[in-house]
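This report describes selected local features of a structural model. The sequence and the structure are shown first.

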Amino acid sequence: MTDCPNGLMRDLLPEYARGVLGADDAARVAEHLDACAMCRAELALLGRVQDGLALGVPRMNVAAIVGALPKPQPVVRVMPRRGVSRHVWQYAAAAGLVLAVGGGIVWRRAPETGAVRVADSSHVAAAAGAESTQSTASVQSEHGITFGGGLSDLSLNDLQALLGQMDSVRTLPSTDPESMTPVIMNEGGKTL
Amino acid sequence: MSESSREGDAQVDVALITRWQRGDQRAATEIVERHAQALARFAATHGVRDGVDDLVQDTFVRAFHSIDNFRSDSSLRTWLFTILKRLVLDRQRAERRSRNQVELDEGHAVQEFNALDGMVADEALLRVQQAVGRLSPLQREVFTLRVTEGMPYSEIAKMVDSTEGACRVHYHNAMRAVKEYLSDEGVPER
Ligand SMILES: [Zn+2]
């Protein structure tokens, strides 16, 4: 078998035979093959070598191999979602403001279900007050929770009584903080 | 040289790896389906006669355990071949040790390759195997990677720790040797 003098085409033949050439190169090789018996003979030889090397090679059992592989381990970290907590605190601060300015009026005017919501607000505001809200209004909810000024004004007994009364509030705030949400992260700490 | 087809393949592999890392086990099946048979062929050209399945499985297990080390500057298949090649060398070393043999020279290595003797029904294909088996280990590796996988010289060079130019020379020398062997033997060309 004589070698074709076109080294570039000969070099591309194995990739052409495996079908891994890009479309442009494949078209150029096909065109050359039409006109070159030497490259056609070499291409046929490449096919025989491929067949010869593949012969007797056992068929791989994909399922068995996959069954032996380690399981993927995406890193799972439980962390609070910042957006949710900010939302809750914004709500609490707003509720505190409502209580400070005219909570009592709203409470008196509200229909029955609305009264519950004001009571809810005082519940949240009581919590918020410990953080940031300096409430100066005197508020009494339907559950009898009463305080004026900040929580710092309350005695230990007052606080215990307040906590006991809060425990009796059965209606939860409508913006109950969402549960902790697992955030899946990859190894690099990037949120997926 | 156009790389479009190969680059597309590489992107598919990278996407599959990412899917697997995120917990999609079906991606592992696709990866194995894409490369298992090529690994088996590669093992055969390295003279592995028995336990090809185990060897290929070990290769994948090792690869998946250290998939974070895979760098997409070479193809996934090249990386898998490199792992398999290391396992083959380890296995051959262990076998030699157990047989208390001295290091095999290249002449022995050629005999090693005749893994499929007696298993080949087609005489012409057996001749082809013998022709390839007579190549030096380096020539044989370059030649078979080029012919059976269509691997570019740049990737082959990484695998055999050589240069693209040297690999091109090895390939063409191997091709000449195979042609000469087959014409000497008077094997009709199909
Ligand atoms: Zn030609």
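Is B:His35 buried or exposed? B:His35 is buried, with a relative accessible area of 4%; buried means under 20% relative accessible area, exposed over 50%, and partly exposed in between, for a 1.4 Å probe and protein chains only.

## Basis of the report

This is a predicted model, in which local features need pLDDT of at least 70 and side-chain atom pairs count only at pLDDT 80 or more, while totals for chains, interfaces and linings use all residues. Residues are numbered from 1 along each chain as its sequence is written, chains are lettered from A and ligands numbered from 1 in the order in which they are written, and side-chain values use heavy atoms, with hydrogens and water left out.

B:His35 belongs to helix H2 (residues 26-45) of chain B. Helices (H or I, at least four residues) and strands (E, at least two) are DSSP runs, numbered from the N terminus.

The side chain of B:His35 makes a polar contact with the side chain of B:Asp13 (3.1 Å) and another with the side chain of B:Arg77 (3.1 Å). A polar contact is a pair of N or O atoms within 3.5 Å; within protein, one must be able to donate a hydrogen and the other to accept it, and residues adjacent in sequence count only if both atoms are side-chain atoms. Leaving aside residues up to four places away in sequence, B:His35 touches B:Asp13, B:Phe60, B:Leu76, B:Arg77 and B:Leu80, where contact means heavy atoms within 4.5 Å.

## The zinc site

The zinc ion is coordinated by A:Cys4 (SG), A:His32 (NE2), A:Cys36 (SG) and A:Cys39 (SG), at 2.1 to 2.3 Å. Donors are N, O and S atoms within 2.8 Å of the metal (3.2 Å for Na, K and Ca); water is not among the atoms, so sites may look incomplete. The angles among the 4 donor atoms are 102 to 113 degrees, and the site is tetrahedral, a term that requires all angles of four donors to lie between 85 and 135 degrees.

A:Cys4 lies in the segment before H1 of chain A and A:Cys36 in the loop between helix H2 (23-35) and H3, so this pair ties together parts that are 32 residues apart in sequence. Both A:Cys4 and A:Cys36 are buried.

At the start of H1(A), a side-chain oxygen of A:Asn6 reaches to within 3.3 Å of the backbone nitrogen of A:Leu8. The buried residues of this helix (residues 7-18) include A:Leu12 and A:Leu13.

A:Glu42, in helix H3 (residues 37-54) of chain A, is buried, with a relative accessible area of 1%. The C-alpha atoms of A:Glu42 and A:Leu13 are separated by 8.0 Å.

Conventions:
Tetrahedral: all angles 85-135°; square planar, octahedral: opposite > 155°, others 65-115°.
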